[in-house]
Amino acid sequence: MDFDTLFDQHYPELARYCQRLTGDRDVAEDIAQESMVRLFAHRITGSEAGMRAWLFKTATHLVRDRYRVDKNRVRLLAENPVRPSEPESPHLRLERAEARDRARAALDALPRRDREILLMRYAGFSYREIADAIDVADTSIGTLLARAERRFAQVVTEADRQAI
Amino acid sequence: MIHLDEGTILSLRDGAAVGPSARSHLIDCATCGGALEAARARAERVEFMLSALDGPVEATAAKAGVRARLRPAGSGAAPRGWGSQHMGRAAALLLLTAAAAAALPGSPVRSLWRSPAPQQAIDPQTAPAVAETPSVTTGDATSAGITVAISDGVVHVVVRGAAPGSEVSVQWTDQRTASLTAPPGSRFTYSSGRIEVDASRGSVGIELPRDARVVSLEVDGDLYLTGSADALEVLGPAFERTDESVRFRVDER
């Protein structure tokens with residue numbers, strides 16, 4: 001499979017996963033690109049599912065590493081404010097921003113491992129693939145995922161209620 | 001009766017491995033059946049909540065950035081099948097694309113220039129074999145572009161600053177993305193379902209998904225087209241129209 005095909009197949013989904021995981025589009029794209037670079041530089045190959053799992057695992061580890069220095073995130077946000085599209089109505093923009101903030105806050109409230117499990121599951125990975133990426137037993141994933149889902153939904157719902 | 005624990009309920013919901021006793025218990029137990037339904041409903045809610053975090057993904061500049069980083073620094077080594085002439089053109093393309101992309105707010109190219117790549121080593125256990133060196137394709141060295149994913153079938157494209165006499169072309173594609181290319185120096189902005197460009201002097205190319213429900217193209221305040229690929233209303237100064245594309249020549253104002 002050539003560079004373009006592989007890139008087009010995996011990059012958008014990987015970047016979206018990183019956006020959810022980091023909450024920062026610039027960092028997310030940086031990490032998604034770094035993962036793609038490593039895929040080609042290390043000459044990784046295998047099944048489509050295997051390469052996808054490798055990319056997500058790599059990105060997950062890169063995010064962990066990156067956020068050991070959390071100040072970097074603040075700096076990147078300050079340097080690169082996202083410029084909103086003008087024609088979107090202020091009301092809609094506000095609603096979207098609030099929904100995003102609530103989801104972000106709920107994700108940040110989870111322990112790192114729970115957050116990774118939740119986001120990998122909702123990126124479509126099997127329990128076995130998640131277990132491999134996160135380094136936990138696959139028999140534990142259901143329990144950990146249940147806790148993460150419950151907590152995440154609870155925090156968002158409470159924030160929604162307070163906002164009304 | 002001992003009910004299934006929550007982890008087992010989720011394993012059943014998500015199709016993960018569970019013992020046969022759990023499946024048979026589910027058939028007879030209304031409580032656990034209800035818990036499974038609740039877990040399914042919660043999954044839908046969680047997916048919806050998580051989708052609030054999703055933004056557009058800019059793939060064109062990212063691809064150019066990855067390509068640039070894969071090229072050995074200073075070696076001048078080309079992927080197989082590439083001569084020096086092609087490499088020169090590709091390098092020019094990458095520089096121009098990177099320069100144009102760096103002008104974008106939130107561009108990953110900025111990130112590449114701004115900060116070093118993460119250095120954590122990755123466990124290579126999942127690297128079972130060796131792949132071919134990635135191939136590089138030629139590109140148009142006179143333009144920069146942006147590609148965004150389309151999530152709900154709606155695409156609005158706004159072009160500003162198009163020079164009189166310049167061409168704006170719209171091409172239908174089978175991709176689920178919308179792309180916009182414009183001369184280097186153009187500035188792009190985007191949000192969900194919307195791309196805008198302040199174009200430098202030159203032609204603008206637009207690729208739109210054929211299966212989009214609603215598309216529109218506005219050039220300097222004039223609506224050039226609206227509708228969908230199957231039911232398109234062309235309002236702008238088109239000089240050529242086929243099933244695959246519409247080409248406009250920007251009027252003198």
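How many C-beta neighbours inside 10 Å does D135(A) have, and does D135(A) count as buried or exposed? With 10 such neighbours, D135(A) counts as exposed, because a residue is called buried if 20 or more other C-beta atoms lie within 10 Å of its own, exposed if 12 or fewer, and partly exposed in between, with C-beta atoms placed from the backbone. The structure is a predicted model, in which local features need pLDDT of at least 70 and side-chain atom pairs count only at pLDDT 80 or more, while totals for chains, interfaces and linings use all residues. Residues are numbered from 1 along each chain as its sequence is written, and chains are lettered from A and ligands numbered from 1 in the order in which they are written.

Chain A holds eight helices and zero strands; here helices (H or I, at least four residues) and strands (E, at least two) are DSSP runs, numbered from the N terminus. Along the sequence, the pattern reads α-α-α-α-α-α-α-α. Of the 164 residues of chain A, 44% count as buried. Two residues are said to be in contact if their C-beta atoms, placed from the backbone, lie within 7 Å. Among the contacts in chain A with a separation of 6 or more, 64% come from residues 24 or more positions apart. Another example of residues separated in sequence is given by R52(A) and Y11(A), which are 41 residues apart in sequence and 9.7 Å apart in space, C-alpha to C-alpha. R52(A) belongs to helix α3 of chain A and is partly exposed, with 19 other C-beta atoms within 10 Å.

The interior comes next. A nonpolar core is a set of buried Ala, Val, Leu, Ile, Met, Phe, Trp, Tyr and Cys residues joined through C-beta atoms within 7 Å. The largest nonpolar core has 94 residues, and C18(A) and A59(A) touch the most other members. Helix α1 (residues 3-22) of chain A supplies the largest share of this core, nine residues. Which residues does A59(A) touch, not counting residues up to four places away in sequence? They are L14(A), Y17(A), C18(A), I31(A), A32(A) and S35(A).

Six of its eight residues are buried, so α7(A) is largely enclosed by the rest of the structure. The buried residues are Y127(A), E129(A), I130(A), A131(A), A133(A) and I134(A). They pack against α3, α6 (112-121) and α8 of chain A, together with α1 (6-14) of chain B. The axes of α7(A) and α8(A) come within 8 Å and cross at roughly 95°. Such axes are lines fitted to C-alpha atoms, for helices over the stretch in contact, and angles run from 0 to 180 degrees between N-to-C directions. The two helices, α7(A) and α8(A), are therefore roughly perpendicular to each other; angles under 35 degrees count as roughly parallel, over 145 as roughly antiparallel, 65 to 115 as roughly perpendicular and the rest as oblique. Y127(A), R128(A), I130(A) and A131(A) of α7(A) make the contact with D138(A), I141(A) and G142(A) of α8(A).

Most residues other than glycine have a negative phi. R43(A) has a positive phi of about 55° although it is not a glycine. The place of R43(A) is the loop between α2 (25-41) and α3 (48-66) of chain A, and with 14 C-beta neighbours inside 10 Å, R43(A) counts as partly exposed.

Chain B brings strands into the picture. Six of them form an open sheet in the order β1-β4-β7-β3-β12-β11, with mixed pairing; two strands pair if DSSP finds at least two bridges between them. At the edges stand β1 (144-149) and β11 (238-241), each with a single partner strand, so one side of each is left without a neighbour in the sheet. From one strand to the next, the twist averages 15°. Strands β3 (residues 167-173) and β7 (residues 204-209) of chain B run parallel and are joined by six bridges, and W172(B) stands opposite L208(B) in β7(B). By contrast, β11(B) and β12 (residues 245-249) of chain B pair in the antiparallel sense over three bridges. Here E240(B) stands opposite R247(B) in β12(B), and a hairpin joins β11(B) to β12(B) through three residues.
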